[in-house]
Amino acid sequence: MMLEHVLVLSAYLFSIGIYGLVTSRNLVRALMCLELILNAVNLNFGNIFSIFIIAIAAAEATIGLAIVSSIYRNRKSTRINQSNLLNK
């Protein structure tokens with residue numbers, strides 16, 4: 001694949017991820033869009049940095065899903081605007 005094609009694909013994935021992150025109301029969808037952004041960055045960096053990004057993405061997904069499941073257990077909702085746990 002040519003470099004221009006990879007960069008265009010990466011920019012497209014990054015913009016979809018940013019759009020989804022900004023407009024999403026669901027925490028799980030926001031985490032999926034964040035993973036999409038990390039994968040777009042992963043395409044740009046190459047092989048060496050990809051290992052670090054994959055490790056960070058795995059840790060972020062694990063911690064993020066644990067937090068989401070804890071919020072769901074307490075609030076019975078995964079909507080972002082209803083999770084006001086830090087306001088108290």
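**Exercise 1. Locate Phe52 in this predicted model, decide whether its side chain is buried or exposed, and describe the surface feature to which Phe52 belongs.**

Step 1. Phe52 lies in helix α3, an element that covers residues 47-75 and therefore counts 29 residues.

Step 2. The relative accessible area of Phe52 is 55%, and because the exposed class begins over 50%, Phe52 is classed as exposed.

Step 3. Together with Phe45, Ile48 and Phe49, Phe52 makes a nonpolar surface patch of about 480 Å². Helix α3 supplies the largest share of this patch, namely 3 residues.

**Exercise 2. Characterise helix α3 by its end-to-end reach, its buried residues and the element against which those residues pack.**

Step 1. From the first C-alpha to the last, α3 reaches 41 Å, which is close to the 42 Å expected at 1.5 Å a residue.

Step 2. The buried residues of this helix are Ser50, Ile53, Ala57, Glu60, Gly64, Val68 and Ile71, and they pack against α2, which spans residues 27-45.

Step 3. Just after the end of α3, Lys76 adopts a positive phi of about 60°.

**Exercise 3. Carry out a corresponding analysis for helix α2, stating its reach, its buried residues and which helices they pack against.**

Step 1. Helix α2 has 19 residues, and its reach from first to last C-alpha is 27 Å, close to the expected 27 Å at 1.5 Å a residue.

Step 2. Its buried residues are Leu27, Ala30, Leu31, Cys33, Ile37, Ala40 and Asn42.

Step 3. These buried residues pack against α1, which covers residues 3-23, and against α3.

**Exercise 4. Determine where Arg25 lies, whether Arg25 is buried or exposed, and which residues Arg25 contacts beyond its sequence neighbours.**

Step 1. Arg25 is found in the loop between α1 and α2, and with a relative accessibility of 55% it counts as exposed.

Step 2. Neighbours within four places in sequence being left aside, the contacts of Arg25 are Thr78, Arg79 and Ile80.

Step 3. Arg25 and Arg79 are 54 residues apart along the chain, and their C-alpha atoms are separated by 5.4 Å.

**Exercise 5. Compare the transmembrane regions listed by UniProt with the predicted coordinates, and then describe the protein as a whole.**

Step 1. The unreviewed UniProt entry lists residues 7-28 and 48-72 under "transmembrane region".

Step 2. In the model, residues 7-28 are 86% helix and 0% strand, with the end C-alpha atoms 27 Å apart. Residues 48-72 are 100% helix and 0% strand, and their end C-alpha atoms lie 37 Å apart.

Step 3. The protein has 3 helices and 0 strands, and its elements run α-α-α from the N terminus on.

Step 4. Of the 88 residues, 24% count as buried, while the protein exposes about 6600 Å², of which carbon and sulfur atoms supply 69%.

Step 5. Among contacts with a separation of 6 or more, 49% are between residues 24 or more positions apart.

How values were computed: Residues numbered from 1 in each chain as written. Predicted model: local features only at pLDDT ≥ 70, side-chain atom pairs only at ≥ 80, totals over all residues. Heavy atoms only, no water. Helix = DSSP H or I, 4+ residues; strand = E, 2+ residues; numbered from the N terminus. Expected span 1.5 Å × (residues − 1). Buried < 20%, exposed > 50% of the residue type's maximum accessible area, 1.4 Å probe, protein only. Contact = heavy atoms within 4.5 Å. Patch = residues over 30% accessible without salt bridge, like charges linked within 9 Å, V, L, I, M, F, W, Y side chains within 5 Å. Areas by Shrake-Rupley, 256 points an atom, 1.4 Å probe, with all protein chains shown as cover. Salt bridge = Lys/Arg side-chain N within 4 Å of Asp/Glu carboxyl O. UniProt positions renumbered as here; feature names shortened; annotations may be inferred.
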